[in-house]
Amino acid sequence: MLPAGQKQMLALALLAGVMTIGTFIYILATPPAYLHRTRDGVAYFTPPVIDPVNGKPLNVDRLAQYYKGNVSAGVYAVEKVPASKNGGH
């Protein structure tokens, strides 16, 4: 038979384990709204869209920022290949 202190610790450990598992199940079953979209309203894992003018891919999150008033975000909506700083050597 376990002493009273060990029984209490076992009960607390089991309670913590059950609460942790219950929380994970709750989050997976009914995820909160903030896990669905960014703060600009764009769904996570949204693929880039094609610009009909030049055919380049556009980042949807940056486009949303641009249309919400952040003009500097629209300049960088088209994904660019970073140029090397050392001249390619």
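Let's start with Phe45, which sits in the loop between helix 1 and strand 1; helices (H or I, at least four residues) and strands (E, at least two) are DSSP runs, numbered from the N terminus. This is a predicted model, in which local features need pLDDT of at least 70, side-chain atom pairs count only at pLDDT 80 or more, and totals for chains, interfaces and linings use all residues. Residues are numbered from 1 along each chain as its sequence is written, and side-chain values use heavy atoms, with hydrogens and water left out.

Phe45 has a phi near 65°, positive although the residue is not glycine. Most residues other than glycine have a negative phi. Phe45 is also exposed, at a relative accessible area of 84%; here buried means under 20% relative accessible area, exposed over 50%, and partly exposed in between (1.4 Å probe, protein chains only).

Ala43 belongs to the loop between helix 1 and strand 1 too. Ala43 counts as partly exposed because its relative accessibility is 30%. Setting aside neighbours within four places in sequence, Ala43 is in contact (heavy atoms within 4.5 Å) with His36 and Arg37. Between Ala43 and Val60 there are 9.3 Å, C-alpha to C-alpha, and the two are 17 residues apart in sequence.

Now step back to the whole chain. It has three helices and two strands, in the order α-β-β-α-α from the N terminus. Of its 89 residues, 8% count as buried. Among contacts with a separation of 6 or more, 8% join residues 24 or more positions apart.

How far does helix 1 reach from its first C-alpha to its last? The 26 residues of helix 1 span 37 Å, close to the 38 Å expected at 1.5 Å a residue, where the expected span is 1.5 Å times one less than the number of residues.

Asp51 is buried yet has no salt bridge, and the nearest side chain of opposite charge, Lys56, is 8.1 Å away. A salt bridge is a side-chain nitrogen of Lys or Arg within 4 Å of a carboxyl oxygen of Asp or Glu. The side chain of Asp51 does reach the backbone nitrogen of Val53, at 3.1 Å. Leaving out neighbours within four places in sequence, Asp51 is in contact with Lys56 and Leu58.

Further along, Asn59 caps the N-terminal end of helix 2 (residues 60-67), with a side-chain oxygen 2.9 Å from the backbone nitrogen of Asp61. Just after helix 2, Gly69 takes a positive phi of about 120°.

Finally, confidence. The chain's mean pLDDT (the predictor's confidence in each residue, from 0 to 100) is 81, and 79% of residues reach 70 or more. Confidence is highest in helix 1 (residues 4-29), at a mean of 95, and lowest in helix 3 (residues 71-75), at 62. Where pLDDT is low, the predicted coordinates should not be read in detail.

Terms used
Lys and Arg count as positive and Asp and Glu as negative; His and the chain ends are not counted. A polar contact is a pair of N or O atoms within 3.5 Å; within protein, one must be able to donate a hydrogen and the other to accept it, and residues adjacent in sequence count only if both atoms are side-chain atoms.
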